[in-house]
Amino acid sequence: MGRTLDFAAERERMVGQLVRAGYVKNPRVRDAFRAVPRERFVPPVDSEDAYVDVPLPIGAGQTISAPSMIAIMLDEASLEPGERVLEIGTGSGYHAALLAHLVGARKVITIERNPELASWGRSNLAGAGYGEVSVVVGDGSLGYPEGAPYDCIMATAGAPRIPDAWPPQLSPRGRIVAPVGSSRHGQVLIVATRRPDGTLHTREGTSCAFVPLVGAQAWPD
Ligand code: SAM
């Protein structure tokens, strides 16, 4: 018989590790990690590893990111309740659930190019109590103008550059948090903030390794 894990205890242990390691600084981000059950967003075969700080396969050659990487991104985004967020790359829905906890589920739109993953992510979100997040199937390299303007566009796949489509979809104080790199598999986390004249102030954060963003304004298929 398999081991029965106490997921709540595992979650607390992981959050403690993320805080002690300095990945989670903002108490609101800590509370989001405490609230969202990651075991509901990983394939059942991997549920024992739900609270190990590693990326896990989610099918179609894609991954759910390591919690520490998500923590860095959420910290960089400095999200306030009620801000509107576009996540690019729904995957499992876990990152979108954390965003929903931070800003409110109705304020989050997440876009995924793979219809099967979008449907799995949507059902994971509903099962975890975040069914009001909008999951859209489409090419996020073009953003999602129907839901703009966004206070934050957060990409969870690596782009060769910030797509031209994104900045015009930002609110006046909007920011972009996205892995950007000249290789399909290695990036730097870019944090870009919109200036009053519409141009972007860009800062480089940590090195990272996301799956590629594939689309009209990103990597070719
Ligand atoms: N945020 C996800 C989670 O919490 O599980 C992990 C996302 S995974 C690292 C990257 C995702 O981006 C994949 O599901 C992939 O299909 C998707 N993707 C790649 N290019 C895309 C595009 N142009 N538009 C939307 N989604 C895209």
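Which residues in H1 meet which residues in H2? Keep that question in mind as you set up the viewer.

**Before you start**

This is a predicted model: local features need pLDDT of at least 70, side-chain atom pairs count only at pLDDT 80 or more, and totals for chains, interfaces and linings use all residues. Residues are numbered from 1 along each chain as its sequence is written, and side-chain values use heavy atoms, with hydrogens and water left out. Helices (H or I, at least four residues) and strands (E, at least two) are DSSP runs, numbered from the N terminus.

**Stop 1: H1 and H2**

Select residues 7-20 for helix H1 and residues 27-35 for helix H2. Now show the side chains. Arg11, Glu12, Met14, Val15, Leu18 and Val19 in H1 meet Arg30, Phe33 and Arg34 in H2. Contact means heavy atoms within 4.5 Å. The residues of this contact divide into five nonpolar, no polar and four charged. Here Ala, Val, Leu, Ile, Met, Phe, Trp, Tyr, Cys and Pro count as nonpolar, Asp, Glu, Lys and Arg as charged, and the others, Gly among them, as polar.

Next, look at the axes. Those of H1 and H2 come within 9 Å and cross at roughly 155°. Axes are lines fitted to C-alpha atoms, for helices over the stretch in contact, and angles run from 0 to 180 degrees between N-to-C directions. H1 and H2 are therefore roughly antiparallel to each other. The cut-offs: under 35 degrees is roughly parallel, over 145 roughly antiparallel, 65 to 115 roughly perpendicular, and the rest oblique. H1 passes H2 in a right-handed crossing. A crossing is left-handed if the near helix is turned anticlockwise from the far one by less than a right angle, and right-handed if clockwise.

**Stop 2: H2 and H4**

H2 passes H4 in a right-handed crossing. On the H2 side, the contact is made by Arg28, Val29, Asp31, Ala32, Phe33 and Ala35. On the H4 side, pick Tyr94, Leu98, His101 and Leu102. The residues of this contact divide into seven nonpolar, one polar and two charged.

**Stop 3**

Select strand E1 (residues 56-59) and strand E2 (residues 62-64). Three bridges join E1 to E2, and the two run antiparallel. Two strands pair if DSSP finds at least two bridges between them. Glycine 59 stands opposite glutamine 62 in E2. Two residues lie between the strands of this hairpin, and alanine 60 takes a positive phi near 55°.

**Stop 4: H3**

Is H3 largely enclosed or largely open? Nine of its 11 residues are buried, so H3 is largely enclosed by the rest of the structure. Buried means under 20% relative accessible area, exposed over 50%, and partly exposed in between (1.4 Å probe, protein chains only). Among the buried residues of H3 are Pro67, Met69, Leu74 and Ala77.

Click isoleucine 72, which lies in H3 (residues 67-77). Leaving aside neighbours within four places in sequence, isoleucine 72 is in contact with Tyr23, Leu189 and Thr206. Its C-alpha atom is separated by 9.2 Å from that of glycine 205, 133 residues apart along the chain. Just after H3, serine 78 takes a positive phi of about 40°.

**Stop 5: the sheet**

Color the strands. Seven of them form an open sheet in the order E5-E4-E3-E6-E7-E8-E9, with mixed pairing. Strand E5 (134-137) and strand E9 (200-208) stand at the edges, each with a single partner strand, so one side of each is left without a neighbour in the sheet. The twist averages 15° from one strand to the next.

Zoom in on E7, residues 170-180. Nine of its 11 residues are buried. Four bridges join E7 to strand E6 (residues 150-155), and this pair runs parallel. Tyrosine 150 stands opposite leucine 170 in E7. Isoleucine 153 stands opposite isoleucine 176.

Turn to strand E8, residues 187-194. Six bridges join E7 to E8, and this pair runs antiparallel. In E8, the bridge partner of isoleucine 176 is alanine 192. A hairpin joins E7 to E8 through six residues.

**Last stop: asparagine 114**

Find asparagine 114 in the loop between strand E4 (108-112) and helix H5 (115-127). At 18% relative accessibility, asparagine 114 counts as buried. Asparagine 114 and proline 179 are 65 residues apart in sequence and 19 Å apart in space, C-alpha to C-alpha.
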